Amino acid sequence: MDPRAHLFGIRHHGPGSAASLVAALDALDPALVLIEGAPEAEPLAGYAALAGMQPPLAILHYQADDPANAIFAPFAEYSPEWQAMRWALARGRAIRFIDWPAAHALAFGKALDDLPPDDEDGEAHDAPPPPVSGDPLDMLATVAGYTDGEAWWNAMVESSQPGPAMFAAIESAITELRSASEAQGGLSPWREARDAVREAFMRLALRAALKDESGDIAVVVGAWHVPALRAKVPQAEDRARLRGLDKVKVESAWVPWSDSRLASASGYGAGVTAPGWYRHLWQLQGGSEASSPEAFAAGWQSRVAGLLREEGHAVASASTIEASRLAIALAALRGEATPGLAEMHDATLAALCHGDEVAYRLVERRLLFGERVGAVDPAVPQMPLAADLERWQKRCRLKPEDLEREIALDLRTEAGLLKSTLLHRLTLIDVPWGRLLDAEAGRGTFRETWRLAWNPGLAVNLAEALVYGVTIEQAAAGKAVAQSRDSGDVGVLAGLVKACLLADLPEAAELCITRLQAAAVDSGDLVQLMNTVPTLVSILRYGTARPIPSEQLGALVSALAAEINAGAQAAAVDIEPGEAEAMRRAMSGYDRALALHGEAHLIAMWHRELAAIVQHDRSAPAVSGLALRLLHDGQVWAVEEVAASFSRALTPPAAPAAAGAFVESFLAGGAEVLIQDRPLLAALDTWLCALDDESFIELLPMLRRGFSDFADTGRQRILGIVGSGTIAAASGPGAQDDDASPAFIAEALPLLRTILGITP
Amino acid sequence: MTDPRLRQSAEDIYAAELDALKRGDDRQRPASWAMSPQAVVDYIMGGTARDGTPISAKYVGNRRLIETAVATLATDRALLLLGLPGTAKSWVSEHLAAAVSGTSNRVIQCTAGTDENQIRYGWNYALLLAKGPSHEALVRTPLMRAMQDGTLVRLEELTRMGSDVQDTLITVLSEKMMPIPELDDAVHARPGFNVIATANNRDKGVNELSSALKRRFNVVVLPPPATIAEETEIVTRRVREIGTNLALPPIAPADKEIARIVMLFRELRSGQTVDGKLKLKTVSGSLSTAEAISVGISAWAEAAHFGAGAIDAPAMAANLVGAIVKDPAADVLALEEYLENVVRKRDGWKDLYGAIRDVM
């Protein structure tokens, strides 16, 4: 191989590799830098030097007519590729990307998607052990007894000189690894095929670069590819490999990335398990001043302590010192020069969290993942979501206009449903182009009315949503899922479930449902749970004019109901009137929803609970009044039993105020109960007549409220019954039927029988 | 056998292993340690000594926990081992002391009746009255002896003694010395001195560790068995051993029922179903492995003496409810929810649902 070509095998997103690489580049000072990456990114590379470019960032390649088919090349500040780009730009050296074009990668990815899924996974399970699962250096590290590739790299750096010697050592290790892997039958066939093509591209690009350039050339590629670049393969053979590859039309853009997406191994290259930790490593290795293990451990533990304090844990500085000492002692015990993440974790747990894994978990996500979201310089063109929106607008025939206008959508038509889906999705990603006017939309109705108004500022919101996905569908789903992770509020989560269903995002909806179930278990607020059930039941019952995961949703409703049923009685005891009123309202909605949901054993449980509420002495009167009414309306208790409980609630030692609240809540909703069931009326009458003047005046407003819902005719009839003095005479519904049927009804009966075809 | 002791100390039982490890140990030892930290970890986790002597595993579980414990002792920080009953806290502490100091006999058993004199020092009152305060009249405690000799001292069940007495340890742990104001003197700890305390982290009704004291300990939590298979194995074996020791009438093998007990305990303890699909309320009791064993024994006794001769759902139900419901309001709620959402729907658990419902 031409001695002007210098191969640097790196670990993607490895801070150790990045630091060694920068040192090596400084030493070599090459005229041209070749980087493993799709050539479509070349025109974009120049932007990396702009001041506004703050990693984590990614270069996105997407199929022009189908943005959902996309790949990302993410960069953190500690990614060797990023550092190589910045190095070259700062010195005015040329950059070339030498991986296969994204045009082929996307076409290949698409073909792969169409294969049966076991091709990717099944291979890995059947084959002996998969020789390389993620990063080959991770595998070398495991063999050497380190926790991950970074720990191993650290040890390498500690023991040898960074720079060319180090990269040579890695190259020989990888060469061994690759030949061993080939002897074992290689990687999965699709990966072998893909790598063969990619490496042919890289070799050809290197050859071309050597021809064009007279100076030294640095080649920055994943360590895995180094032996293949070094291999002597005839040019004709490489060219033959490139023939007949499928390709698609590709567009590329810089997009902001986030730590949490960096952590998931999505898209391109290896994921990073702990971006927060890697950043800390980068500060150690890439920083200008050399850092001792002590300072390194102390820096990390202080960060942990700071986060713990933010979560309200008292962490003394003395404990932070102890945690650093312990981390270093542990590293020594395990034979490592600097503490790795495992040592730091163990030390934090023992010295800062009092052994409590829960406290650590509170900060773990922020600590390891970080919360950083990248930013793209305003000068950089970037627009895949906007392009997707434009396509949607064409499909839906909706034009963005400044002027406000209202549109009515019929969800039974495909066009109407499409528009509604788009608007709901945009609402989810906080691009309020349309505002839904009727709040009841989606509940058993086929109509939605929206007010549309586009303003250019929305483009900014659209760009912000890029963090969640490159199409409107992905972004909406991604954001809903992210929000559901951050929220423990049952109401918010139920809202998200509904929003996802309305926006036709069934998978996100399912995730939100799972989260809702978890949050409901944690929630101690029964009223909130009760209020959640009707929302869910109405979605289940009336649908959203879209397919819904009814089985899962049904199971959730049942689980919530079981929880409410188990706790309602305890929740009704010893509460303030205000809370009682909130609970009463929630209960009546919940009761209706439960009946609609129609699971017999849940309803039976609920009725047992209602009975327990009525029978408990210290239940809030407003709640137990409603409970009794529900037992009565549901015909769970016979009227005599209801009447007995009713008068027990009204007679001393019950205070008049409590009795008043009880009556008000029992009577709310209709006069029929008093007209039909005389024993109740009798009990009410006896109680009213026994009240002394003072209590009566005090209770008047309450009673008035209780009766105010009754229709005029109902009030008239009650007055008639009370006036005629027949309350006590009639003692049950049976007796009352005969007595109260006026003669004119008897006269009408024969005709009615004829009409209905009933023979007497 | 001539040894009249009912139970031998760890350092006597495993004297051969300790010797082998010490002989082959050329790594650096902290002052006064009998062997290097790596050798201590090997002694507890098992392996082979350099001369080929096999070392038995004293603790089955995560090696990293034991490494943290040993590293803590090596940085002269006090070590607190927390865990449920039956997670081998005292066992680990005894072996740590045996390996590091060569003796595990310096123990203070902390109880509600432990006072400061049993922690710091007491007085020989006859001497005190006859000659006045003097070093001869001091009665030294295991803690004081450990300080003077530079060894480990073990404090068992630290949180069972009163908080005010616990705080006696603060000066000892932070300043490594114990003042004796009566003599205008102090005992300064020699290198190698350290404290291993054990405590139960889920017991209600014991004293909290004050935060001042807590800060002076590194805490290692010994977890319950990691997998359901491991825990089922432990419970089944222990039930068989204890039941046989108690000479309970033999019954049909009950492995299947014990597996159900363990599953139920684990789910309520961890707050989610084994398949991870459903979140559950947790209960106030600890539902430790030790309790699962005792439920198994009680169910055995009930089945053998009063039941059908095999552990079945009715024999378990009352014992299960008794073990789970410690707080009549919250725990009943949690169990109720568990019954409705899990037990009722699980294949083959119908009998258990009915039996527990009968008891509640």
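## The antiparallel sheet of chain A

In this predicted model, chain A holds an open sheet of three strands in the order E8-E10-E9, with antiparallel pairing. Helices (H or I, at least four residues) and strands (E, at least two) are DSSP runs, numbered from the N terminus. Two strands pair if DSSP finds at least two bridges between them. Strand E8 (405–410) and strand E9 (434–436) of chain A are the edge strands, and each pairs on one side only. Neighbouring strands of this sheet are turned by 30° against each other on average, direction ignored. Axes are lines fitted to C-alpha atoms, for helices over the stretch in contact, and angles run from 0 to 180 degrees between N-to-C directions.

Six bridges join E8(A) to strand E10 (residues 447–452) of chain A, in the antiparallel sense. A:Leu409 stands opposite A:Glu448 in E10(A). Helix H19 (residues 414–428) of chain A lies across E8, E9 and E10 of chain A. H19(A) runs at about 125° to E8(A). Contact between two residues is defined by C-beta atoms, placed from the backbone, that lie within 7 Å.

## The parallel sheet of chain A

Four strands of chain A form an open sheet in the order E1-E6-E2-E5, and the pairing is parallel. The edge strands are strand E1 (5–10) and strand E5 (94–97) of chain A, each pairing on one side only. Here neighbouring strands are turned by 20° against each other on average, direction ignored. Strand E2 (residues 32–35) and strand E6 (residues 217–222) of chain A run parallel and are joined by four bridges. A:Val33 stands opposite A:Ala218 in E6(A).

Helix H1 (residues 15–28) of chain A packs on the sheet and touches E1 and E6 of chain A. The direction of H1(A) makes about 165° with that of E1(A). Helix H3 (residues 80–91) of chain A lies across E1, E2, E5 and E6 of chain A, running at about 155° to E2(A).

## Chain B: overall make-up

The secondary structure of chain B comes to 17 helices and eleven strands. Of its 360 residues, 43% count as buried. A residue is buried if 20 or more other C-beta atoms lie within 10 Å of its own, exposed if 12 or fewer, and partly exposed in between; C-beta atoms are placed from the backbone. Among contacts in chain B between residues at least 6 apart in sequence, 70% join residues at least 24 apart.

## Strand E10 of chain B

Strand E10 (residues 194–200) of chain B is mostly covered, with six of its seven residues buried. Strand E3 (residues 78–83) of chain B runs parallel to E10(B), and five bridges join them. B:Leu80 stands opposite B:Ala197 in E10(B). Strand E7 (residues 152–156) of chain B also runs parallel to E10(B), through four bridges. B:Val153 has B:Val195 of E10(B) as its bridge partner.

## B:Ile108 and its surroundings

B:Ile108 lies in strand E4 (residues 107–109) of chain B. B:Ile108 counts as buried because it has 21 C-beta neighbours inside 10 Å. The C-alpha atoms of B:Ile108 and B:Glu156 are separated by 6.2 Å, though the residues are 48 apart along the chain. Leaving aside neighbours within four places in sequence, the contacts of B:Ile108 include B:Gln118, B:Ile119, B:Val153 and B:Leu155.

## A helix pair in chain B

Helix H12 (residues 228–245) and helix H14 (residues 289–305) of chain B pack at an angle of about 45°, with their axes 9 Å apart. H12(B) is therefore oblique to H14(B). Angles under 35 degrees count as roughly parallel, over 145 as roughly antiparallel, 65 to 115 as roughly perpendicular and the rest as oblique. The crossing of H12(B) and H14(B) is right-handed. A crossing is left-handed if the near helix is turned anticlockwise from the far one by less than a right angle, and right-handed if clockwise.

H12(B) contributes residues including B:Ile234, B:Arg238 and B:Ile242 to the contact, and H14(B) contributes residues including B:Ile293 and B:Trp300. The contact residues divide into eight nonpolar, three polar and two charged. Ala, Val, Leu, Ile, Met, Phe, Trp, Tyr, Cys and Pro count as nonpolar, Asp, Glu, Lys and Arg as charged, and the others, Gly among them, as polar.

## Where the chains meet

26 residues of chain A are in contact with 28 residues of chain B. On the chain A side, helix H15 (317–333), helix H16 (341–352), helix H23 (506–522) and helix H25 (550–571) are the elements that give two or more residues. H15(A) gives the most, with eight residues. The chain A side divides into 16 nonpolar, five polar and five charged residues.

## Conventions

Residues are numbered from 1 along each chain as its sequence is written, while chains are lettered from A and ligands numbered from 1 in the order in which they are written. As this is a predicted model, local features need pLDDT of at least 70, side-chain atom pairs count only at pLDDT 80 or more, and totals for chains, interfaces and linings use all residues.
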